[in-house]
Amino acid sequence: MGKKADVYAAVESAPWDEVLEDAFARATRQIADVRARSPFYADLLDSAGIGPDYKIRDWDDLAKIPTTDKQDIRASLAASPPLGRHLGVDPARLVQIQATSGTTGSPSYLGLTDADIATWNELGARAFYAGGVRAGDVVLHAWSLSKGFTGGVPVVRMLAHLGATIIPIGAEAGLHKILTVAKEQRAVAMCTTPNFALYLADQCADTIGVPATDLAIEKLIVGGEPGGGIPAIRARIQDGWDATCCEVLGNSDIATIVWAECPERTGMHFIGQGIVLPEIVDPATGRHVEPVTGATGELLYTALQREASALIRFRSGDIVKVLGTDCACGRTSYKLRCDGRTDDMLLVRGINVWPTAVQGVVADFAPRTTGAMRIVVDFPGHSTNDNLVIKVEHAPDLPPEAHDDLVRDITAAIRSRLSFRADVRLVPAGELEPPGAAKVRLVERSR
């Protein structure tokens, strides 16, 4: 008999075909329930000829249901403020209202019932457990706690559900407060964005007098922006803290965390069995993509037991790559990495360019660079036939005579690895806005 999987919920190690069979059955029930409660989905399903008795048996059946995207949700919110035609419950049943981060525009708002919060708590507990957090661990919360974002209060609830001891400082507290609390309270884990984790490590000695490697933190859970899975960035985070770094991924409209890395750190597992149904589609055609190793596509989600603000076949905008379909940890879902969002991609002389891929190249040139970079978009839209301008922070101790060599080396690496020409411009360390409460924007738009 094989080794028993060390998972928070047994369903995480259930055979994947059984997980899917159960998800399709749950989707059938959820779609019928949502159409009865949500005018938005009643209209959408009727327009597609999907009746009350429609049954989901496979991906083909699911694909007949129209997708929903951010613009649809904004239109629903505008048509029936404050929470839209898709709310689906009596507002008196709501116990919490959250906001999305507004990555692709103004924030959206979503309601949660007691049952919805319990569902999110279960997802979060599975995710943090996968990353090594255990009951009794002192965990410092360093994602944003302001503006009602789902990485704030909901994550505090998730960690409490797991049994951890939470220090809800939040990224807004700033470098000195976060690092001082980490030192004085001997936190053994921290959740934050990957770029902020790196920045905190880099600034720790100058800020509180000791390096981050002297602190008690031994587990980092990073997410909220791409980057935690980029090998060079992950290595710098782990070396800077002498800690493990596991990445998580979610979608505010569906759930804060739906994917999480295990200690193997070879990609994020799906941890939403029985709660969410994920699917991968070709972003251009909408056709289903089988999650085999190497497959790429856009993530869609169907909430399987959400009461308020439930969404069906919601287009996340996240472009992912499947990294594998098995793991030594015993979890049976496929593993993936997020390369970026559909609206992040640039087209440079016909070449698809992801900002995170550029970030990965620049990170490889540490310690000659700080790792900080920005793509300067001085053209309308997402396409250009000119060289792409990239600002790169050089290390503070890099002598001026070494600047030209660094520019040449980064330019050549981008050309070799990403197949486009860049106009690399060095800037002094500290010139680019440092990471903090907000997500790092790798693209600066002047038009």
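Colleague: What is the bridge partner of Asn251 in S8?

Modeller: In S8, Asn251 has Ala255 as its bridge partner. A word on the source: this is a predicted model, where local features need pLDDT of at least 70, side-chain atom pairs count only at pLDDT 80 or more, and totals for chains, interfaces and linings use all residues. Residues are numbered from 1 along each chain as its sequence is written, and side-chain values use heavy atoms, with hydrogens and water left out.

Colleague: What makes S7 and S8 a pair?

Modeller: Two strands pair if DSSP finds at least two bridges between them. Strands themselves are DSSP runs (E, at least two residues), as helices are (H or I, at least four), numbered from the N terminus. S7 (residues 244-251) and S8 are joined by three bridges, so they meet the rule for a pair. They run antiparallel, and a hairpin links them through three residues.

Colleague: How do you know that S8 also pairs with S9?

Modeller: By the bridges again: S8 and S9 (residues 268-270) share three, in the antiparallel sense. Ala260 has His269 in S9 as its bridge partner. Six residues lie between the two strands of this hairpin, and Arg265 in the turn has a positive phi of about 55°.

Colleague: Why is S8 called largely enclosed?

Modeller: Buried means under 20% relative accessible area, exposed means over 50%, and partly exposed is in between (1.4 Å probe, protein chains only). Seven of the seven residues of S8 (residues 255-261) are buried, so the strand is largely enclosed by the rest of the structure.

Colleague: Why is Ser38 called buried?

Modeller: Ser38 has a relative accessible area of 2%. The cut-off is under 20%, so the word buried applies. Ser38 sits in the loop between H1 (16-37) and H2 (39-47).

Colleague: What is Ser38 in contact with, leaving aside its neighbours within four places in sequence?

Modeller: Contact means heavy atoms within 4.5 Å. With those neighbours left aside, Ser38 is in contact with Arg85 and His86. The Ser38 side chain also reaches the backbone oxygen of Arg85 at 3.5 Å.

Colleague: Which residues of H7 are buried?

Modeller: In H7 (residues 174-184), they are Ile178, Leu179, Thr180, Val181 and Ala182. The buried residues of H7 pack against S3 (138-141), S4 (165-167), S5 (189-192), H8 and H9.

Colleague: What makes a space a cavity?

Modeller: Work on a 1 Å grid over the protein atoms alone: a cavity is a set of points where a 1.4 Å probe fits but cannot get out, and lining residues have an atom within 4 Å of a point. Grid points are joined across faces, edges and corners, and a volume is the space filled by probe spheres set on the points. The structure holds two cavities of 30 Å³ or more.

Colleague: Which helix gives the most to the lining of the largest cavity?

Modeller: H5 (residues 114-130) does, with four residues. Among the residues that line this cavity are Asp116, Trp120 and Ala255.

Colleague: How large is the second largest cavity, and what lines it?

Modeller: Its volume is about 30 Å³. Its lining residues include Ile73, His86 and Leu311.

Conventions. A polar contact is a pair of N or O atoms within 3.5 Å; within protein, one must be able to donate a hydrogen and the other to accept it, and residues adjacent in sequence count only if both atoms are side-chain atoms. On a 1 Å grid over the protein atoms alone, a cavity is a set of points where a 1.4 Å probe fits but cannot get out, and a pocket is an open set with protein on both sides within 12 Å along at least five of seven lines; lining residues have an atom within 4 Å of a point.
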